[in-house]
Amino acid sequence: MTYHFRCACDQEINLGCLIEEGNFIRGIQTITEFDCELACSKEGGCRYYTWYPGSDGFSQFCFLFTECMTLQDCPGCYKGSVDCNVPK
């Protein structure tokens with residue numbers, strides 16, 4: 001199987017998607033932000049991710065989202081989108 005992977009869009013540092021009703025897909029352990037981005041690109045319905053490198057009690061953890069309507073402060077985390085056509 002071949003994946004056509006694009007670099008993440010709408011990237012932010014120190015801000016992450018807030019888990020709200022209906023937007024959270026799942027959380028997984030990933031070693032890098034790129035692994036988190038790749039997991040989102042492979043997950044049906046995933047458009048956004050938030051990756052924690054090891055701060056705030058989440059060590060190398062990736063949260064996958066269908067939507068990211070509200071951002072929250074999360075020092076050291078990374079938020080991105082795999083859908084470059086989403087409105088900002």
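**Figure 1. Overall fold of the predicted model.** Helices (H or I, at least four residues) and strands (E, at least two) are DSSP runs, numbered from the N terminus. This is a predicted model, in which local features need pLDDT of at least 70 and side-chain atom pairs count only at pLDDT 80 or more, whereas totals for chains, interfaces and linings use all residues. Residues are numbered from 1 along each chain as its sequence is written, and side-chain values use heavy atoms, with hydrogens and water left out. Of the 88 residues, 35% count as buried; buried denotes under 20% relative accessible area, exposed over 50%, and partly exposed in between (1.4 Å probe, protein chains only). The protein exposes about 5,200 Å², of which carbon and sulfur atoms supply 53%; accessible areas come from the Shrake-Rupley method with a 1.4 Å probe, and for residues only the protein chains shown count as cover. Among contacts (heavy atoms within 4.5 Å) with a separation of 6 or more, 68% are accounted for by residues 24 or more positions apart.

**Figure 2. The disulfide between C17 and C68.** The whole structure contains four disulfides, each being a pair of cysteine sulfur atoms within 2.5 Å. One of them links C17 and C68, with the sulfur atoms 2.2 Å apart. The torsion about this S-S bond is -110°, and the link is left-handed. C17 belongs to strand β1 (residues 9–17) and C68 to the loop between β4 (61–65) and β5 (71–81), so the pair ties together parts that are 51 residues apart in sequence. C17 is buried at a relative accessible area of 3%, and C68 also counts as buried, at 13%.

**Figure 3. The disulfide between C36 and C62.** The S to S distance of this disulfide is 2.0 Å. With 75° about the S-S bond, the link of C36 and C62 is right-handed. Because C36 lies in helix α1 (residues 33–42) and C62 in strand β4, the pair ties together parts that are 26 residues apart in sequence. C36 is buried, with a relative accessible area of 0%, and the value for C62, likewise buried, is 0%.

**Figure 4. The disulfide between C40 and C46.** C40 is joined to C46 by a disulfide with an S to S distance of 2.0 Å. The torsion about the S-S bond is about -100°, so this disulfide is left-handed. Relative accessible area is 0% for the buried C40 and 7% for the buried C46. Apart from neighbours within four places in sequence, C46 is in contact with I25, C40, L64, F65 and V82.

**Figure 5. The nonpolar cores.** A nonpolar core is a set of buried Ala, Val, Leu, Ile, Met, Phe, Trp, Tyr and Cys residues joined through side-chain atoms within 4.5 Å. The largest core has 10 residues, namely I28, C36, A39, C40, C46, Y49, W51, C62, L64 and V82. At least two residues of this core come from each of α1, β3 (48–52) and β4, and α1 gives the largest share, three residues. A second, separate core has eight residues, among them Y48, Y52, C74 and C77. In soluble globular proteins, nonpolar side chains tend to be buried together.
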